[in-house]
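Me: I would like to learn how to read a few features of a model. Please give the general idea each time, then the case at hand.

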Protein chains: 4
Amino acid sequence: MRIFENMESRVRGYIRSFPVIFESAKGSIMTDEMGKEYIDFFAGAGTLNYGHNNPQISQALIEYLQADGVVHGLDMATTAKKRFLQKFSDTILGPRGLDYKIQFTGPTGTNAVETALKLARMVKARSNIVCFTNGYHGLTMGALAITGNTHYRDEAYISRSNVSFLPYDGYMGPEINTLDLFRKMLADNSSGLDIPAAVILETIQAEGGVNIARSEWLKELADICYQFDILLIIDDIQVGNGRSGDFFSFEAAGIKPDIVCLSKAIGGGLPLAFILMRPDLDQWKPGEHTGTFRGNNMAFVASTQALSYWDTNDLSEAVHYKGAVMERELTAIAEKYPELDASVRGRGMIYGLEIPERGLSSQISERCFENGLVIELAGGDDQVVKFLPALIIDEETLLKGISIVDRSINEILKEKHENLKGEL
Amino acid sequence: MRIFENMESRVRGYIRSFPVIFESAKGSIMTDEMGKEYIDFFAGAGTLNYGHNNPQISQALIEYLQADGVVHGLDMATTAKKRFLQKFSDTILGPRGLDYKIQFTGPTGTNAVETALKLARMVKARSNIVCFTNGYHGLTMGALAITGNTHYRDEAYISRSNVSFLPYDGYMGPEINTLDLFRKMLADNSSGLDIPAAVILETIQAEGGVNIARSEWLKELADICYQFDILLIIDDIQVGNGRSGDFFSFEAAGIKPDIVCLSKAIGGGLPLAFILMRPDLDQWKPGEHTGTFRGNNMAFVASTQALSYWDTNDLSEAVHYKGAVMERELTAIAEKYPELDASVRGRGMIYGLEIPERGLSSQISERCFENGLVIELAGGDDQVVKFLPALIIDEETLLKGISIVDRSINEILKEKHENLKGEL
Amino acid sequence: MRIFENMESRVRGYIRSFPVIFESAKGSIMTDEMGKEYIDFFAGAGTLNYGHNNPQISQALIEYLQADGVVHGLDMATTAKKRFLQKFSDTILGPRGLDYKIQFTGPTGTNAVETALKLARMVKARSNIVCFTNGYHGLTMGALAITGNTHYRDEAYISRSNVSFLPYDGYMGPEINTLDLFRKMLADNSSGLDIPAAVILETIQAEGGVNIARSEWLKELADICYQFDILLIIDDIQVGNGRSGDFFSFEAAGIKPDIVCLSKAIGGGLPLAFILMRPDLDQWKPGEHTGTFRGNNMAFVASTQALSYWDTNDLSEAVHYKGAVMERELTAIAEKYPELDASVRGRGMIYGLEIPERGLSSQISERCFENGLVIELAGGDDQVVKFLPALIIDEETLLKGISIVDRSINEILKEKHENLKGEL
Amino acid sequence: MRIFENMESRVRGYIRSFPVIFESAKGSIMTDEMGKEYIDFFAGAGTLNYGHNNPQISQALIEYLQADGVVHGLDMATTAKKRFLQKFSDTILGPRGLDYKIQFTGPTGTNAVETALKLARMVKARSNIVCFTNGYHGLTMGALAITGNTHYRDEAYISRSNVSFLPYDGYMGPEINTLDLFRKMLADNSSGLDIPAAVILETIQAEGGVNIARSEWLKELADICYQFDILLIIDDIQVGNGRSGDFFSFEAAGIKPDIVCLSKAIGGGLPLAFILMRPDLDQWKPGEHTGTFRGNNMAFVASTQALSYWDTNDLSEAVHYKGAVMERELTAIAEKYPELDASVRGRGMIYGLEIPERGLSSQISERCFENGLVIELAGGDDQVVKFLPALIIDEETLLKGISIVDRSINEILKEKHENLKGEL
């Protein structure tokens, strides 16, 4: 590990949580250089919905390389891109009656978000953007401005321009409809909230602590946007791509955003990002927004394979089934250890176990890793253990992974009690 | 091509200049779906310095996939990353006596630039950044602010905050040392130029029109930065990676920047980006800057192979040799067609042929494409034909490509004369 | 009037509401060039708390001019300034146990607000400022950023930087404590609300529609500021200077702001503005903030006279008494005309009569003017008739003015009914 | 003096340079509480062009107060305002063939500048503003952004948004036409300089060190603005009102700005400010920009009197004559003391004596004060002694004041030599 310490910046993060060198990975299992195996409940922060080295995807990539397919082509037309567009149209947009235009951006989520914000501001000729408490949208300057967590913000470089944070669904407790404030401020000429070009949000805030916006709230928000001529942007980077059980996370609410940001799992494990936009919003001049890697052909090949999972309803049903398993098992854990004061929330196959006691969730994550499970935290104080397995995980591995969490909590609490006894 | 028109945003660019569907590519040759071959003088805007589907790189990627190597790992330690770090240290940093720390960012150039700006502002606790006329640094909000071209700027979304543009070397003609103004404004308490956290520039402005900063100018700039305690950031995304003949474009000037941005060719054709920083600048908190794809392991594998080209001096010498060929041939073209009033400039293997008559360079690029050459334009008015072949191109293909330019110009001028005659 | 139309910008405002040329004024009576008299319930938007041409003040000004006292002295020491400082210390600060330092600014309210914001940001080294819905703080760029009304904001020049609007007391109805949101967002690392340098507010929002913050709310706000190390700035420009019954509007709540902005009536009718600050906040460098007219000696002379009103408790008691008269009479009007659906609110001698029907308040104000009363509107939609008589108005004139409002409403409603009948 | 130290903020400035309490003043003589007299070469930083307590002005003010004229009237029409408009039209605008519209702003220079910037940005729907090195335009946030001196700028509160500083005339020496850079950057799509809404400048930078823009430079600048559809704003706050010999400082150059900012001496010693604008630029909505003291009637009365000086050519001729005297005498001083290495520059009745040796100009100003002369410094390092007497000063007093400077320099240099000898 020394070379990482010597050469890499102190900014490195996950390598500190999971301090081994991983050599190979397959499905939901990662293997380190010593041959130790780990179940992966992190799935590349939502990038690996189809698992590590999904055989279909790997095979397609190998064949593409062997055929000298175009690997890098900027935004030129390639056979791989053509096939991807066809597949995305046939499998995703068409069946859902969506007529979005697609714009490939630099292959990272933050690139997609920046593009969406630029487009909204240009089309509406307004600079203000409304975003929400606990939102996470990336760390380049435009995206950072709408990301709530102070961990990423330093007085010297943050930009607080033209951005208004409002409370997300449930932020003030179940009694208060946080949209009342938004609606009131929009209707009030003197509220200080200039009508924004767009509202941007995740329907499930993953990094923000697995906070879930209710369908009624999303519908009301869409109505408000329509009423005040505001664009609705859904950042579906982490919780789109089937994570919620539907391909898009907003399908269940029956809303149709004006712009959608996609990245992470859409590339089948490789870097890919794009936005979808209502056709009338497509007011760009040719070449007005660009980026060297906006046509990552390897990712097109991988993505085209991955999208085959959506030819039928099977994956969607599997996600709902395994999500129910997760909810049942995590609720059981929460009940088994009342001293954790834990709460469980989730949708589809993203679940959070919130543990109020400061630092306890970190201990659990660390112990899980020792016990063979990669699992990460979320929330402003890292107070939520986040369950984000690959969508294609088999039930046995899923249960085994959850049982490692159970065992790890058990161990920690036992040691805690013993320490307490020792102190007495 | 219809699917691209139907589904893709109007923002698409290169597909308009090169309106065919490319199927495969090898070295400096691209082949479209009809089997027509094109010599590539664009090299993925500098991403393909080692050619398309470089055999060593492809082979390594195939083997990595076959071995189920970790493809996506966020910033976790992997065997592929370890090997890359070792190779980069042994081949690039060590021999040059450089002790930079490395920070992987989202795998696009603009991500690296945003990271460099954030770091500089944080470390210096100053918000101002000095940048230069005709600079191009990317299009996310922080990077866009320091990119000069109005083509990318709309009143509704540009950010002009905390950025000061100054004239690049040669901007006011050969007589005027543009650094006089910078030095004077820094020394003058009342100039309106707040001492910046950093100066950022490309040593050769590629998109800006192949403008070349002289070594003396770069040295003087480095001195000014030192004198006024300003960080010097070199954006070596397009002209690093050997393009200038040295691995870093700033080596010839004998300067040592505080921060270096690398992307494009460093990934061997796959998306990769990082910054290098003086160790004492590495003041990040763990996880303070992050990004899903900042560890693109496929790119680590490709890059490790590509870096082998720097085990010896061979590539460097080849670049100098072929650069001389380019200069000779382009000068000959400029002299052969005096009515073009063309000028030639370049360094290493990046050359520009500037043609003042508005629109003529576009015609040349189009005609070249018909004649089997992919070549692009640069400069604020697209007035410069930009020669950017793969560094590993063989001399014969290089000469053949240039002869296509010659022939295309010949054809265009002949037609022009005939049209003129017809009109009389 | 033609010369005003020919020469003055279209931006002119009150001249449109009160389209006569005023020649002289005394106490609460203004006289136009035709000799017609008007009762003044506007009092120079709160500048004329001591009435027009208050005899004591006029006499002092005449004597000062006759003695060739220094009229303009930048911020040099003058006898007039010395006397003002002594008087302000003896009459206002001393008896209230306040040890504020005083900083004279350009003699307009917006200058004082800008100074307060700069000081807060400098001292705390944070750029964010929290302000409130319906707040009005002036129209220079820094002050405009914290002023809510869109009437004053155009996309091309507004600055939305480093400012966060939060709901004022009562904004979401009487059931909801709007500080809950502020407290929650401050405590939440991930809310997007960076800890501000300061909170700024009026305890009674005059322009915003005569909205009154309750004492408990102000106390809780002061507690929050203390807890999170945020400066509390009270903008007492319109409702300080005795308007509330106490000299400072915040005295009743028992809080002690860190910074107070004063202007309007403090100059006894002449332009004067300054801020008061906790001594430890006085971290300016000499001359760091300046302004040509920050020492308006004529205003020092006028102010010194005006402050004599505070030698005893008489004015304070008179304000409470006349405020009670206003509340009684306005409530009677509201009850007399139930179809207005009017509500009455106020404190001290500022009262608002809110009339929901769009445009009706404008008609009332216009009719009042025809009937000999100068009265203005407030609120985001000009829906509130604002009663702001001089504090020294005699009871008879006060009642006469209110009776004009009564009569004007009566006339308007009668005409409305007649029109309705005519239509049937 | 103790009360000033106890009660006033540390920010106080001139009171430190001139540490006495002034009691009265007449014409060019100020008298302190001890009865000591001082010649005034500062003239309220350009506010007292017509001298202290000009008898005509004082008399008019006294009569206005005695007649209970309206003192404070917001922007309502008053007899005093009507007379001022008529006088300004008859005496200033009419004879010069100018058809500007007038907009009264808060009565400080910075208020006028903020208004001009807002108007320009609104009308042009562009946010960028070009300003110049060493410019001084005020200290509220919008005006501060275009003020060069770092003394007034702190990282926490400066705004660097939407502002581009360019070199003023002569900034790079007499050989270089600094407009070449501006023109080149405007014509270059890729310069990073977005076409601004407006250019703002003083024709003579007073605070900036008495820097004088040549007529040809101003004419070329006006041409550039016309060519690129940019508004030209002249800030004539300090050097308008006859300071240059003409009423407006730009008359000599034969240009006609789109917007002019006036304040300081326009109020005859009392606070007054307004902008003049081309009629077609007057695109404000009623009440869109406002301010409590924008109709300072006392200042209208004073100004109407002061403008009588412009009924004939006498004052203009006197300024030219006395300006020539100043130039002659100051040049003689510069030649008499070659060790000062002083240079003289000026126009009309504003002159600067630049003394390179750091701190020497401060010593001279201090010694002058001891010797009975109020004189101030200018320039980024306070390196320029600034001569700014009232325009109506009599020649004898002018010469006497200059002789005090001569004597003070003489004393300082003598003491310096003696100290040097003592050290040897």
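Me: Is D:Thr91 buried or exposed?

Reply: Buried means under 20% relative accessible area, exposed over 50%, and partly exposed in between (1.4 Å probe, protein chains only). D:Thr91 has 7% relative accessibility, so D:Thr91 counts as buried. This is a predicted model, where local features need pLDDT of at least 70, side-chain atom pairs count only at pLDDT 80 or more, and totals for chains, interfaces and linings use all residues. Residues are numbered from 1 along each chain as its sequence is written, chains are lettered from A and ligands numbered from 1 in the order in which they are written, and side-chain values use heavy atoms, with hydrogens and water left out.

Me: Which helix holds D:Thr91, and which residues does D:Thr91 touch?

Reply: Helices (H or I, at least four residues) and strands (E, at least two) are DSSP runs, numbered from the N terminus. D:Thr91 lies in helix α5 of chain D, residues 79-93. Contact means heavy atoms within 4.5 Å. Leaving out residues up to four places away in sequence, D:Thr91 touches D:Arg96, D:Leu307, D:Trp310 and D:Asp311.

Me: How many residues of chain C and chain D are in contact, and what area is buried between them?

Reply: Buried area is the accessible area (1.4 Å probe) that two parts lose on being put together, summed over both. Here 102 residues of chain C contact 102 residues of chain D. The two chains bury about 9100 Å² between them, and carbon and sulfur atoms give 63% of that. C:Met7, C:Val11 and C:Phe293 supply 8% of the area that chain C buries against chain D, more than any other three residues.

Me: How many salt bridges are counted between chain C and chain D?

Reply: A salt bridge is a side-chain nitrogen of Lys or Arg within 4 Å of a carboxyl oxygen of Asp or Glu. The count between chain C and chain D is six. One of them joins D:Asp68 to C:Lys26, with the closest N and O atoms 3.0 Å apart. On the side of chain C that touches chain D, helix α5 of chain C (residues 79-93) gives the largest share, seven residues.

Me: What separates chain B from chain C?

Reply: No contact joins chain B and chain C, and their closest C-alpha atoms lie 9 Å apart. Chain A and chain D likewise have no contact, with closest C-alpha atoms 9 Å apart.

Me: How many disulfides does the structure hold?

Reply: A disulfide is a pair of cysteine sulfur atoms within 2.5 Å. Over all chains there are zero. Take B:Cys131: the closest cysteine sulfur, in B:Cys225, is 13 Å from its own, too far for a bond. B:Cys131 is also buried, at 0% relative accessible area.
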